[in-house]
Each structure stands twice: as structure tokens, then as C-alpha cells.
Amino acid sequence: MKMNRRRFLLGTTVIGGGLLLGYAVTRPTRQSLANRDHAEAGQTFLTTWLRIDPDNKVTVVVPHSEMGQGVLTSLPMMAADEMDADWNLVRVEQAPATDLFANGVLIKGFAMSMGLNVPAFLDRSVDFATLKAAEIMNMQITGGSSSVRFTGEMGMRAAGAAARQMLLEAAAGQWNVDASECDARNSFVYHEASGRSASFGELASAASQLEPPRNPTLKTPDRFTLMGTPVPRVDIPAKVDGTAMYGIDARPEGLLYAAVTTAPVFGGKLARVDNVDAVMQRRGVKRVIELEDAVAVVADNYWRASEALKQLQPVFTDTDFDESSTRNIFAEFDAALDNGDRHEDVHAGEATQAFASAAETVTANYRVPYLAHAAMEPMNCTVHFHDDRCDVWTGTQDNLGIRGRVASVADMDENAVTVHPFYLGGGFGRRLPQSTNTIDQATRIASYFDVPVQTLWSREEDTRQDYYRPAVSSRFRAALDSNGQLTAWENVYIGKNEPVEAAHIAYQVPNQQIDYVECPTHVPFGAWRSVAHSQHSFFLESFTDELAWHARQDPLQYRLALLQDKPRHRRVLEQAAASAAWTTPVPAGRARGIALQESFGSIVAEVAEVSLTEAGEVRVEKVTCAIDCGRVVNPDTAASQVESGIIYGLTAAMYGQISIENGRVKESNFHDYEMLRLADSPEIEVILLESDDAPVGGLGEPATPPISAAVTNALYALTGQRVRELPLKNYRFLPPPTEAAETV
């Protein structure tokens with residue numbers, strides 16, 4: 001949505017002042033609104049996210065989207081555990097896209113992760129401001145590995161604990177006893193001394209009349225009954241029997257279908273469209289719609305629309321980027337690294353002096369290409385304008401944000417837009433509201449009709465009109481003293497993106513100079529799984545490996561020596577190495593590589609064991625991953641998240657490459673933008689470590705970044721060939737030379 005001055009000021013004031021949001025800040029207003037607008041007869045909301053039915057069922061309303069990460073199970077587990085609810089009586093609902101379910105806890109979480117905090121006496125005031133910020137910013141985002149570590153830890157657990165305490169007090173009031181004499185188990189409250197009991201359903205109405213505790217007491221881990229257990233995911237049965245509904249499955253009555261082609265060079269505009277009359281004569285075609293930078297055909301089924309689209313002859317304007325290519329872009333990066341204005345990222349110690357007095361320096365240049373998201377479900381959005389209102393059916397990582405986006409494009413009041421959420425067939429950042437081209441087109445196309453229109457992008461359109469992971473070049477220089485010890489670290493890279501710490505190193509290096517230069521291109525970019533960590537982890541851990549080999553030290557021991565003050569990092573490295581049998585000989589023709597990365601509050605170490613085919617192609621035989629995410633809510637889901645992150649990162653390492661030729665994306669479909677196949681997937685071992693005194697970390701993204709470096713470091717150990725540019729499909733490796741096979 002458009003942000004006017006008032007919205008902007010309020011939003012920035014909240015962010016600048018530190019953000020805290022309690023689950024109870026909205027009571028009674030949000031609770032009463034929830035009961036008014038989202039409760040049927042007898043149902044009672046105790047907090048915005050918890051509703052109790054007369055039959056004693058507890059419904060957890062989840063303000064995140066389910067896109068395969070298991071959030072519809074993990075968050076309800078956290079609320080139900082604190083509530084002492086019977087899991088068999090727990091139901092789950094996706095939060096509707098309304099202000100009432102704006103998720104201010106996310107703002108709190110991201111603010112705290114950046115080190116911001118607020119004195120306790122200001123909590124209430126800041127809570128209110130934060131809530132308003134969440135509503136104004138349409139905050140219902142699923143991303144940043146934030147669901148469990150922010151919404152779960154600070155929202156769902158607090159909501160469950162508060163509801164439990166309110167139910168205890170309601171029972172105590174009815175039984176005229178002290179609440180401390182009552183206990184909750186399996187969705188019932190008991191008073192052991194008198195033998196009385198009542199269900200949550202029987203107590204809900206009385207409990208809703210009580211003021212929620214401001215700081216409810218949370219359980220200690222030894223009292224968890226659900227958290228830490230492998231509770232089966234609630235979304236799996238429907239995905240197995242085929243009844244799960246994705247955005248592409250939306251079939252409102254009277255549905256029409258739109259196929260689209262957009263200007264192939266980013267920034268191009270539609271000049272004219274030829275052959276429209278002939279296309280309009282085709283069976284089922286309803287209309288040809290000219291947009292600013294695209295043309296669409298709407299028909300009574302998608303095949304007819306897409307076939308008719310092929311017959312159209314759109315002409316797009318020239319742009320200043322028609323001659324742009326990947327080669328040119330990287331040449332511009334090199335020139336920027338040579339002569340561009342350097343912006344400080346990290347400056348510590350006296351790096352300049354250290355390099356001046358260094359006995360030796362080591363340099364290396366790395367780069368990675370643009371990447372597409374390649375979500376398995378093609379991008380789609382169904383929109384229906386009717387009666388001064390608008391309905392939207394889609395799978396998105398931010399239902400509330402999409403509501404605002406559609407309202408902005410259609411110039412409507414947000415409250416006139418209803419978003420119907422669906423499962424996502426892959427997100428990885430592509431379905432965030434910042435990546436709006438699909439939504440914008442679908443809204444504009446549907447505005448020509450009074451029936452629903454589903455705009456569905458072809459695989460080719462999605463591959464060529466994505467918001468890509470940026471291409472990046474990065475240069476390194478290390479200073480070594482006469483003993484070969486690392487005394488200074490210098491790094492300059494292209495483009496600083498989120499998160500800000502992605503290019504920082506965990507290693508103890510006394511003198512550091514990390515800078516970046518800006519070199520924008522015409523290629524649109526957006527959030528990609530693990531965002532900037534995915535590029536920088538490859539750079540940092542590859543260069544660290546180079547330094548280890550240069551020092552003729554074991555790569556694991558070299559890293560451990562640089563982590564004397566980081567016991568959690570050391571532990572995950574040691575655990576990954578031990579599980580991968582790092583110190584034992586590898587089978588003939590294989591080698592191991594190791595990499596480490598901290599991201600989204602979790603620390604990950606991965607050991608990759610690789611071999612080569614007879615054709616010199618890479619085969620990853622096994623990946624051993626140790627991850628410390630503070631505390632694990634659902635071990636099965638956690639392990640699946642880690643495995644998924646490894647596969648996604650491995651796909652990028654092996655095949656990921658979006659090439660620019662004549663200003664446009666060259667690749668088009670899975671034949672030239674390959675995915676890792678089942679037969680090529682390695683054995684994966686996941687070790688989940690916990691640190692009781694550490695905050696809960698994310699799991700959706702942290703396993704993705706280290707895998708590229710783990711694999712390429714293993715390839716160096718096997719072949720002696722250092723990979724400084726991905727993807728690996730562009731290489732043919734030779735059998736291991738004698739020197740490279742030497743054990744350090």
C-alpha cells in the first residue's frame with residue numbers, strides 16, 4: 001500500500017524507538033473485536049490467537065503462512081504447551097488478512113535481534129505503538145526464519161501462558177479457592193484438594209472477563225510436554241491425499257484465465273501489439289489486455305489463453321540496457337571494486353598497518369551469478385472485483401501485505417479487499433509482498449471483468465521475470481606474519497543487502513577492514529532463501545579454507561584455532577566433524593570439506609563428502625550438518641527444515657545460474673535452470689544441538705549458506721582445483737593430483 005506521511009512517521013518512530021509488543025496489549029479491544037468478528041456462538045477468544053469452543057477444543061490462529069516449513073504445527077505446539085491444552089483437542093487456523101491479526105511480535109523480534117531494547121516501564125507504551133506499526137505496515141510476513149524464534153517464543157508462548165493463568169483464576173473464582181491451589185492438565189483445570197475439575201470450554205467465558213497477566217510465567221524447558229517432541233505435522237495428511245489447496249487450485253465460480261508476457265528487458269514498455277484481431281477470433285478468447293509493460297490474453301481456460309498469447313506479436317520499447325550481459329555486469333563490478341567509493345562495513349584494529357608489516361599476503365577473488373527462486377508452483381493470483389469489493393485468492397508469504405498491495409493498485413480501501421489464503425507451492429522469498437509483479441498484473445487484468453480472473457505465469461515467464469538473488473563479486477586479502485599467523489582480513493564486495501551482518505566473520509582476526517561498493521544493475525532483485533548469507537558464506541568459508549591450506553593446517557583445526565572465544569561455534573564444528581568422521585581416511589576417490597556459518601540466530605557447520613564421475617562431474621555423496629538453534633520445538637520438522645535448506649543451497653551450488661544476454665534473462669525452464677534431482681541428492685545427516693542459555697534461532701534458512709563452500713572445499717581437497725565462481729555445472733574436474741591429495 002502507499003505510505004502517506006502520517007504512516008511513514010509513525011512507522012519510523014516505532015522502529016527508531018525500539019519495539020516491544022505484548023500479546024495482551026490489545027486487550028480488551030483486540031480480544032473484543034476477535035470475539036465480535038471471528039467467533040461463533042459459544043466460542044471465546046482469550047487472546048487474539050487463542051479461541052476456545054464449548055466442546056473444549058482450542059483453536060490456535062497462526063499469523064504465518066504454511067509453505068512447507070511446518071509452522072501450522074510448531075506455533076500451536078508452543079501455545080498449547082504453555083496452556084497445558086490436550087493436543088488432541090487443538091485445532092489450527094490460518095489468520096485472516098485483517099488488521100486484527102497484524103503481527104507486531106515480528107517487529108519486536110527483529111528489533112531485539114538488532115540489539116534494541118526498551119526499559120520495562122516503557123513496555124506498555126511501546127507495545128501500543130508497535131501494534132499500530134504492525135497494522136500500518138501490514139505486518140503478517142512469513143520470512144527471515146522468524147516464525148518460531150519471534151512469533152513462537154515471544155507471542156505464542158506468552159499467549160498460551162496467559163490463557164492458562166486466566167483459566168486457573170476463573171476456576172478459582174468459581175470454586176472460591178486460591179488460584180495457586182489449582183492446576184491445568186490436558187485442557188482441564190483441577191483443584192486436587194476438593195476433587196473438583198472443569199474443562200477449558202466450561203471456564204472460557206468467565207476467563208475472558210479477566211485482565212490478562214502482563215507478564216505471564218513461562219514454563220521452564222523441563223516442564224515442556226509438547227515442545228521438544230516430534231509431533232506429526234497437521235498439514236501433511238492433506239498434502240498426501242491431494243486435498244491440500246494451493247493458490248493455483250482456486251476455482252471461484254465463473255473463473256476466467258489470463259496468460260501474460262512481459263517486456264523481456266527489464267524496464268521496457270509495451271509499444272504496440274500486432275495480430276490482435278486474429279487472436280480475438282480464437283475459441284474461448286475473451287479479451288486482449290495491454291498493460292504498461294506487458295500484454296495478456298484472457299480466455300475461458302488457461303491453455304486457450306496461453307496458446308492465443310503465442311500468436312500475438314507484442315512490440316516493446318528499446319531500453320538503455322538492451323546490450324547488457326552477464327559479462328558486462330561483472331566487468332562493471334570489477335571496475336567498481338577497483339575505483340568505486342568504498343563504504344565501511346566493519347573496521348577493527350589497524351588493518352592498513354598490519355598489511356604494511358605483513359610477512360606475506362594472500363589474495364582471492366570470488367563471484368556468484370544471479371539466481372531465480374524457481375518455486376515449484378508457478379506464480380499465480382486470482383482476483384474478483386464485485387460490488388465495490390475485491391476478493392483475492394493466492395498463496396503468499398504475507399496475506400495482509402498482499403491485501404494492501406491489491407488495494408493500492410486498485411485504488412480501493414484496504415477493508416474492501418478480502419484475501420483468501422492458500423498453501424504455497426514454494427516461496428523462498430518470491431512470494432513476499434515486495435515481489436509484486438504477479439499481484440499487480442493480476443489486479444489490473446481482473447479489473448476489466450466482473451468475474452474472477454486467475455492470472456497464471458508460465459514457467460518461462462516466472463524464470464525471466466523474477467526478483468533475483470543478486471550477482472555479487474567479492475575480493476579478499478589476508479595478512480600473515482612471519483609465523484604464518486593471520487593478522488589482518490580485508491574484504492570488499494559489491495552491494496550491501498540484508499541482513500547487514502552477512503559479510504562479517506566469526507573468526508578472531510585482530511585487524512579487519514570490510515567494505516562494500518554499490519554498483520546497481522537493471523536486473524530486479526529480491527529476497528532469496530537466506531538472503532545475503534548465501535553469497536557471503538561461500539566467499540568467506542572458501543577464503544578461510546584457502547588460508548588453512550596455505551598454512552598447511554587441517555581446515556577444521558585452523559577454524560577452531562580462530563574461534564577460541566566462541567564455544568557454540570566450536571561445538572557445532574566439532575560435532576559436525578565427529579559425526580562425519582573427519583579424522584578418518586575417506587574412501588578412495590572421495591574427499592571432505594567443511595564450512596561454518598551463523599545466520600538468523602543459529603550456528604551451522606556442514607561437512608560435505610564428494611566424488612567425481614568418470615566425466616569429471618561432481619557428485620555429493622554425503623552431507624553431515626550440525627546446527628545449534630538454541631532450542632528445538634519439533635525435532636522432525638527441524639530436521640526437515642535443515643535438509644530442505646541443504647538441498648536448496650546444493651541446487652544453487654551445482655546448477656544455479658541466471659544469465660543476462662541482450663538485457664534479458666537467457667534461461668527459461670527447468671531444462672536450462674536445473675534443480676537437484678532425487679537421484680542426485682546426497683545422504684544427509686542432521687545433528688540438532690541445543691543451548692539452554694541461547695535465544696531460539698531460526699531453521700528455515702541457516703542450513704542453506706554453508707553448503708556451497710563445504711562442497712567446493714571438498715573439491716579442492718580432492719582435485720587441487722579451487723572454485724571461486726559458481727555454479728559447478730560449468731566445471732569439469734580432473735582426477736586428484738598428487739600434491740592436492742596430500743593430507744595436511
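**Cysteines and a domain interface**

Biologist: Hi! How many disulfides does the rule count here?

Modeller: The count is 0 disulfides, a disulfide being a pair of cysteine sulfur atoms within 2.5 Å. This is a predicted model, where local features need pLDDT of at least 70 and side-chain atom pairs count only at pLDDT 80 or more, while totals for chains, interfaces and linings use all residues. Residues are numbered from 1 along each chain as its sequence is written, and side-chain values use heavy atoms, leaving out hydrogens and water.

Biologist: Is cysteine 390 buried or exposed?

Modeller: Cysteine 390 is buried, at 0% relative accessible area (buried is under 20%, exposed over 50%, partly exposed in between, with a 1.4 Å probe and protein chains only).

Biologist: New topic: which domains are assigned?

Modeller: Domain 1 (5-241), domain 2 (250-319 + 379-456) and domain 3 (529-730); such bounds come from an automatic or database domain assignment.

Biologist: How many residues do domain 1 and domain 3 bring to their contact?

Modeller: Domain 1 brings 22 residues and domain 3 brings 17 residues, with contact meaning heavy atoms within 4.5 Å.

Biologist: What salt bridge does the rule find across that interface?

Modeller: There is 1 salt bridge between domain 1 and domain 3, where the rule wants a side-chain nitrogen of Lys or Arg within 4 Å of a carboxyl oxygen of Asp or Glu. Arginine 631 and glutamate 153 pair up in a salt bridge through their side chains, at 2.6 Å from N to O.
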